[in-house]
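Hi,

Here is the structure I promised to pass on.

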Amino acid sequence: MRQLISGVVLSGILLCPTAQADVTAYKATYASEFDIGIAMSGELTRSLRQTSNGQWLFSTNAEAMIASIKENTSVTFSNDHVVPHTYLYKRKVLGKTREAKLTFDWNNNQVTNDVEKKPWTMQVPDGTQDKLSYQLQMRLDLMSGKKGPFSYQIADGGRLKTYDFNIIGSEKITSPMGEYDAIKVEMDRGTDAKRETYIWYAPALDYMIIKLKQTEPDGKTYALQLKSLETE
């Protein structure tokens, strides 16, 4: 997926705002349409579950006949912060595969980027996220009542990037699960940006993302809409 989407593809997480509170495992299914060199449509699943080592695995998976995208990040929760440990990305299109792995070393504030088996290490400040974990952090921030603007530092492609978001209003969204009041969030790319990204969060679903839409400079769009939600 493009830039944010592998990464934005949503910010859907059911979690509580402190390490002492319970984190709720879930599986969400979205109707999806996106372009990764070829057009794809179908379903995208996202899930959050606890692993045997006590960490939490946040995963995204989209598959079609000739293409697939898989992403996951292993995190822990420390008070009101999400702490990423390992991020994995794998994309396969027409038999061609691209893989990336990020490993965080918080004792030394470093992250090792391994893209196409070419690893290198860079320094990162406290609070740095990966392209999935920041989505957990933003939803946690919304659940705790923060109104924005939101700004997250992201380790991405061997560089430290900043993702900024603003709440721009509220709308009623009709989905296969029903009609919900939703908070509309825009990714702030600057006044001259030609790419637009909007995300709708439903407070009644504990701020699960109910809809996402991204428009590329060439007019192509990427869209997600929540179809089903299972929680444990």
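Let me start with Ser 74. Beyond its neighbours within four places in sequence, Ser 74 is in contact with Gln 55, Trp 56 and Leu 57, and also with Val 83, Pro 84, His 85 and Thr 86. Ser 74 belongs to strand E4, which covers residues 67-78. Is Ser 74 buried or exposed? Its relative accessible area is 16%, and because the cut-off for buried is under 20%, Ser 74 counts as buried.

Before going further, a word on confidence: this is a predicted model. The average pLDDT over the chain is 84, and 85% of the residues reach at least 70. The stretch to watch is residues 1-21, where pLDDT stays under 50, although the model still has 109 contacts there beyond four places in sequence. Where pLDDT is low, the predicted coordinates should not be read in detail.

Now the overall picture. The chain has 232 residues, and 45% of them are buried. Its secondary structure consists of two helices and 14 strands. Among contacts with a separation of 6 or more, 45% are between residues 24 or more positions apart. The accessible surface is about 11100 Å², with carbon and sulfur atoms contributing 45% of that.

Next, the rings. There are seven aromatic pairs in the chain. One of them is Tyr 134 with Phe 165, a stacked pair at 5.9 Å centre to centre and with 20° between the planes. Tyr 134 sits in helix H2 (residues 133-143) and Phe 165 in strand E10 (residues 159-175), so this pair ties together parts that are 31 residues apart in sequence. Both Tyr 134 and Phe 165 are buried.

Phe 165 has another partner: with Tyr 152 it makes a tilted pair, 6.4 Å centre to centre and 55° between the planes. Here the link runs from Tyr 152 in strand E9 (residues 150-156) to Phe 165 in strand E10, 13 residues apart. Tyr 152 is buried at a relative accessible area of 6%, and for Phe 165 the value is 0%.

Not counting residues up to four places away in sequence, Ile 210 touches Ile 173, Ser 175, Tyr 180, Ala 182, Trp 200, Ala 202, Leu 224, Gln 225 and Leu 226.

Last, back to H2, the helix that holds Tyr 134. Ten of its eleven residues are buried, so H2 is largely enclosed by the rest of the structure. The buried ones include Gln 135, Gln 137, Arg 139 and Asp 141, as well as Leu 136, Met 138, Leu 140 and Leu 142. Just after H2 comes Gly 145, with a positive phi of about 95°.

Over to you!

Key. Residues numbered from 1 in each chain as written. Predicted model: local features only at pLDDT ≥ 70, side-chain atom pairs only at ≥ 80, totals over all residues. Heavy atoms only, no water. Helix = DSSP H or I, 4+ residues; strand = E, 2+ residues; numbered from the N terminus. Buried < 20%, exposed > 50% of the residue type's maximum accessible area, 1.4 Å probe, protein only. Contact = heavy atoms within 4.5 Å. Areas by Shrake-Rupley, 256 points an atom, 1.4 Å probe, with all protein chains shown as cover. pLDDT = per-residue confidence, 0-100. Phe/Tyr/Trp six-rings, centres within 6.5 Å; stacked < 30°, edge-to-face > 60°.
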